[in-house]
Amino acid sequence: MYHHLVHSSSPPSPNAHLLLHPPIQSSRAGAVADAVSIEATNLSYSIRTNQQGKLLPILNDCSIRIPSGQLWMLLGPNGCGKSTLLKIFAGLLRPTAGRVSVRMPKSFVFQNPDHQVVMPTVEGDVAFGLGKFNLSEDEVRSRVIQSLTAVGMSSYIHRPVQTLSGGQKQRVAIAGALAEACKVLLLDELTTFLDEVDQAGVIKAVKSSLKSSEDVTALWVTHRLEELEYADGAIYMEDGNVMMVGDAVTIRDFILARQASYIKLINS
């Protein structure tokens with residue numbers, strides 16, 4: 001059951017805001033019913049466009065809540081602000097106004113894995129971030145094996161990174177985050193440059209990592225509607241605004257309806 005904050009029985013207009021907030025509960029056994037790992041309240045972000053200090057709004061009064069232990073997707077047209085919102089959650093940008101709460105530790109996985117996978121071997125790369133912890137060699141190896149297993153890459157542990165496909169590198173980057181026991185994965189359009197096989201491999205790796213640890217939450221920025229079938233929930237943005245928050249099917253249907261209405265408007 002959903003709570004309709006704003007509802008209209010007419011077809012959505014380009015400026016309509018329809019927010020459907022699903023109950024904050026997880027289907028995973030033992031999960032705390034009201035646990036939230038990512039939350040933004042009345043979040044805004046602007047940049048200065050000239051020396052006179054004129055502000056250009058990028059995000060406008062955005063509010064979302066993402067339950068713990070789930071995979072959520074953030075969708076919207078190019079330039080709508082979804083990557084900016086993700087970077088604010090990651091702490092890479094500071095909001096102009098509003099409140100942000102993200103469970104720690106968190107990890108940001110970049111669109112291009114070559115910006116993140118830097119060591120010569122898979123094992124070395126996954127273990128790289130563990131140097132900041134006071135761990136024994138056995139503990140490091142155990143974490144590496146567990147995290148690679150979670151993303152379906154355990155058989156690649158001794159492989160040179162340069163022999164991997166783009167999707168395999170993305171999975172290694174995710175494994176590195178899991179090895180550091182991160183609680184939140186922030187994933188920025190990981191499948192943009194991948195073929196269909198690698199696309200499926202990466203998204204299934206994320207789902208598998210959440211299943212292996214009910215304590216991990218993921219927010220995935222994407223523009224691919226077909227990826228919604230893997231999501232527990234989704235957020236749709238336009239022009240810096242959160243237009244809708246809800247289950248994956250509802251979000252997909254909403255986007256398709258808006259696309260159809262725009263095409264009809266253009267052709268009229």
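This is a predicted model: local features need pLDDT of at least 70, side-chain atom pairs count only at pLDDT 80 or more; totals for chains, interfaces and linings use all residues.

A: T163 sits in the loop that runs between α3 (137-150) and α4 (166-179). The side chain of T163 takes part in two contacts described here: it meets the side chain of R159 in a polar contact at 3.1 Å, and it reaches the backbone oxygen of P160 at 2.7 Å. P120 is 43 residues away from T163 in sequence, yet the C-alpha atoms of T163 and P120 are 9.9 Å apart in space.

Most residues other than glycine have a negative phi, and most peptide bonds are trans. Against this background, the peptide bond from M104 to P105 is cis, with omega near -10 degrees; P105 belongs to the loop between β6 (97-102) and β7 (106-109). N42, in strand β3 (residues 36-48), has a positive phi near 50 degrees and is partly exposed at 40% relative accessible area. E189 also has a positive phi, of about 45 degrees, but E189 is buried, with a relative accessible area of 11%.

The loop between β8 and α5 holds E189, and D195 is placed in the loop between β8 (184-188) and α5 (196-212). D195 is partly exposed, at 46% relative accessibility, and together with E196, E226 and E229 it forms a negative surface patch.

Methods. Residues are numbered from 1 along each chain as its sequence is written. Side-chain values use heavy atoms; hydrogens and water are left out. Patches are made of residues with over 30% relative accessible area and no salt bridge: like charges are joined within 9 Å, nonpolar side chains (Val, Leu, Ile, Met, Phe, Trp, Tyr) within 5 Å. Accessible areas come from the Shrake-Rupley method with a 1.4 Å probe; for residues, only the protein chains shown count as cover. A salt bridge is a side-chain nitrogen of Lys or Arg within 4 Å of a carboxyl oxygen of Asp or Glu. Lys and Arg count as positive and Asp and Glu as negative; His and the chain ends are not counted. The place of a charge is taken as NZ of Lys, CZ of Arg, CG of Asp or CD of Glu. Helices (H or I, at least four residues) and strands (E, at least two) are DSSP runs, numbered from the N terminus. Buried means under 20% relative accessible area, exposed over 50%, partly exposed in between (1.4 Å probe, protein chains only). A polar contact is a pair of N or O atoms within 3.5 Å; within protein, one must be able to donate a hydrogen and the other to accept it, and residues adjacent in sequence count only if both atoms are side-chain atoms.
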